[in-house]
Amino acid sequence: MNTSTVYISHWCSIEAGEIKRNGEILFSKESEEIELNDLLKAYYREKNISYPKFFKMDTLSKLAFIGSEVLLENIELEKPNLDVGLVLSNSNSSLESDKNHCESISDKDNFYPSPAVFVYTLANICLAEISIRHTLQGENAFFISEKFDAETMWNYTQYMFETNRVNRVICGWVDYLDGGYKLVFYLVEKQGNKQHTIEELQNIFN
Amino acid sequence: MEDLKKELKVKIIEVLNLEDIELSEIGDQDALFGDGLGLDSIDALELIVLMDKDYGIKLSDPKEGREIFQSIETMAAYIAAHRTK
Amino acid sequence: MKKVYINKANCFSPLGFGINDTWNAISKGDSGIRKIEKLGEIEDFCAGIFKENIIEETFAHLNLDSNTYTRLEKLALITLNPIVEKGLISSRTALVIATTKGNIQELEKGNLNGASISLLASKITTHFGFKNQPIIICNACVSGLMAVATAKRLIQMNQFEDAFVLALDEITPFVVSGFSSFQAMSKEVCKPFDKSRTGINLGEAAAAVYVSKEIKNKDSFEILGEASIADANHISGPSRTGEGLYLSIQSALREAEISSQNIDVVSAHGTATLYNDEMEAIAFDRSGLAEKPVHSLKAYFGHTLGAAGLLELIVLMESLKNNKTIISKGFEELGVSIPLNITTSIIEQDLKIGLKTASGFGGSNTALLIKKVLENEY
C-alpha cells in the first residue's frame, strides 16, 4: 500500500501536576498532590481563557478541553473547519461521571438524577467539547482500550489521510478516574519534525 | 419575595456552574436564556430538577418551563404561588 | 482501497432471536416494546426490554457456567456464537465491539472494576479465542454503525484481514433515569417522524456481523462508503441544520462514487424526539433524499443505543435482500417541516443500495452505504 507520509507537528501531555508541550514544561504546580480540577482551572485562569462552558464540564471534558488548548496554542484553525479529524481514546470511559450519576439515583428518598451529570456519562462527550470549541466538523471517533493502542490509532489516522478526508488530525489519550489522570495529545499533519509512526507514538505516550 | 429572588440567584450560580458570574450581575428581569445568562437546553432541564428538589414543584411540559424560566422574577413568582416545600 | 464486505449477520432483540425471526416480526408489524411499570425509581414507561429469563434460557443452550457471565455478556455470547465458526479466527482477525455503557449494572451494584468496558471486551475475546486485543468504539448512539465503518477502515489499512463486529447495550436503571431526566421518554410506543410523537422508547439488543475483504456468500453486502462527522454544535442537542449528518452522507457518497439518486432506501435514526426527527429531515432534504423511501425502526425495538446502528443495518440488509421496503411503524401524519417519503406500506421493488444513518449525543453522526452483491460477483 502507498502509505502517505505525515508528521507529528506538536504534542502535549498533562500528567502528575505538569502540563508539557513538545517536551517542555509549560505549567506546573509545585505540589504533585494538586487535584486535577485545580490544576486545570489554574491553567485556564493563567491563560485568560474566556469560555464559561468550561465550568459546566465534567473533569474528563475539562482535561480534554485544556489538552486541546495546549496542543493548539498559536495554531490558527478556520471556523468551521471541515478538514480536522479528532480521534481520542482512553481506558476508563466516562466512569467518573458514571459514578456521580449512580450516586444521584441510589437513594430513592433523594432521587434527583441530573441531566447535566448524565450527559457526561458518555466517553465521546469530551471529544464533542473540543469539536464545539473549535467548530471542527471533521471525522471523529472515540476508542476504548486497556492501554494506549498505538497501532490502531496509527492505522485509523493514516486511513483518514490516505482517503483525503483530513489535512490535520488531533489524536490522543485522555483518561480520568478516582483522582488518577493522564492526557497525551498530538497533532498529525502534512508537515512537521517527527514522522507519524507507531514507534514515535509509543515514544510520545511514554 | 426579595429573599426568594436572592436565594434563587445563589442556587442558579451554584447548580449551573456559572463560576464567573457575580450575584449582582443577575438582574431580576434579565433574560436567563438566549442573550442573557446564555443558558442552554441542559440548563433548562437542570432548572426543572431544581424546582422539584428544592420547592416540590413538578414540571414536565418544557413549554411551561420556558414561560417560568424567563427571568428571576417570573421564576420567583411561580415558586411563591406553587411551592410545596 | 480494497473493497470490504459484510458476509454474515445475527441479532438478538426483544423482537426475536436471529435474523429470520426479526424480519418476520417486522414484516408482520410486531413490536418488542412493552409497558414497564417500574425500573429503578422510574415508573410507567414503554421500552424494548427482553422478557424475563429469555436471555438465561437461550444462554443455557451454550452449556456454559451461568455464574461466570453478566446478563450483557450472556447476550454478547449468544449473539456472536452462531456466526463465529471454528477456524475462522486467525491471527489477523479483529474483534470490534460497540457499546455505550457496557456492564454499567455492575457499577450500580458498587463494583467499579466490573463496569470497565475493556474488561467486558476482554471476556468476550477470551471466550471466543480472538488472538488480538479487541477494538472498542464508545461513541454514543452511533457506536454500532461506526464499529462497522472502523472494521472496514482497519481492514483496508491491512491491520486486519477480517473482523467480527459486535454491538450491544442493555436497559438499566442507570440509562432509564438519565433519559427520564432529559424528559425524553415516551409512555407509549414511539412515533418517529409523526406529528403526535411523544418521545423515545429505550431498547436493548445485541447485533453482530462478519466483515472481510472477500465475498463469502451470495447474500453478502459491499460497504460502499461511510463517514462519521460531528455537528460541533451542542453536547446533547442535534444541529438545527443537520450539518454533521449532511456532511457524513456527502462524504459517504463521495467514497462510494455514487449520487444520492442511486440510493434505493434510507434507514433513518428516527428516535421520535422533535429535534432529532427535524434534524434528520433537514439533512436528508439537503442531501436530495426527501423523495426516497425512509423508515425508522425505533417503534419495533426501541432505541437500542450502542447496538442501534448495527441492528438496524442488519434489518436494512434484509430489506434489500427481500426487495421489500419496511413500514416505518408508528408513523401516520408528517411531523417534520420537510415532506419526507416515510414508508407506510410494504413496496416490492428492486432494491440494491441502502443508506443507514445514526446520530447521537455529542453531536455525533455516522452514515454508511451498502450494496447488495450481485450474483455474478460471487
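Student: In this predicted model, which residue of E6(C) is the bridge partner of Ile144(A)?

Tutor: The pairing here is between strand E5 of chain A, residues 140–144, and E6(C), which run antiparallel and are joined by 2 bridges. Within E6(C), the residue that partners Ile144(A) is Ile136(C).

Student: What is the area buried between chain C and chain A?

Tutor: The contact draws 53 residues from chain C and 54 residues from chain A. Carbon and sulfur atoms give 66% of the buried area, whose total is about 4,400 Å².

Student: Which three residues supply more than any other three of the area that chain C buries against chain A?

Tutor: The three in question supply 16% of the area that chain C buries against chain A. They are Arg153(C), Met157(C) and Ile235(C).

Student: With which residue does Glu226(C) form a salt bridge?

Tutor: Between chain C and chain A the count is 4 salt bridges, alongside 20 residue pairs in polar contact, both residues being at pLDDT 80 or more. For Glu226(C), the closest N and O atoms of the salt bridge are 3.8 Å apart, inside the 4 Å cut-off, and the partner is Arg165(A).

Student: Which element gives the most to the side of chain C that touches chain A?

Tutor: Several elements of chain C each supply at least two residues of that side, including helix H5 (117–128), helix H6 (143–156), helix H7 (173–181) and strand E10 (221–227). The residues of this side divide into 27 nonpolar, 17 polar and 9 charged. With 7 residues, the element that gives the most is H7(C).

Key. Residues are numbered from 1 along each chain as its sequence is written. Chains are lettered from A and ligands numbered from 1 in the order in which they are written. This is a predicted model: local features need pLDDT of at least 70, side-chain atom pairs count only at pLDDT 80 or more; totals for chains, interfaces and linings use all residues. Side-chain values use heavy atoms; hydrogens and water are left out. Contact means heavy atoms within 4.5 Å. Buried area is the accessible area (1.4 Å probe) that two parts lose on being put together, summed over both. A salt bridge is a side-chain nitrogen of Lys or Arg within 4 Å of a carboxyl oxygen of Asp or Glu. A polar contact is a pair of N or O atoms within 3.5 Å; within protein, one must be able to donate a hydrogen and the other to accept it, and residues adjacent in sequence count only if both atoms are side-chain atoms. Helices (H or I, at least four residues) and strands (E, at least two) are DSSP runs, numbered from the N terminus. Ala, Val, Leu, Ile, Met, Phe, Trp, Tyr, Cys and Pro count as nonpolar, Asp, Glu, Lys and Arg as charged, and the others, Gly among them, as polar. Two strands pair if DSSP finds at least two bridges between them.
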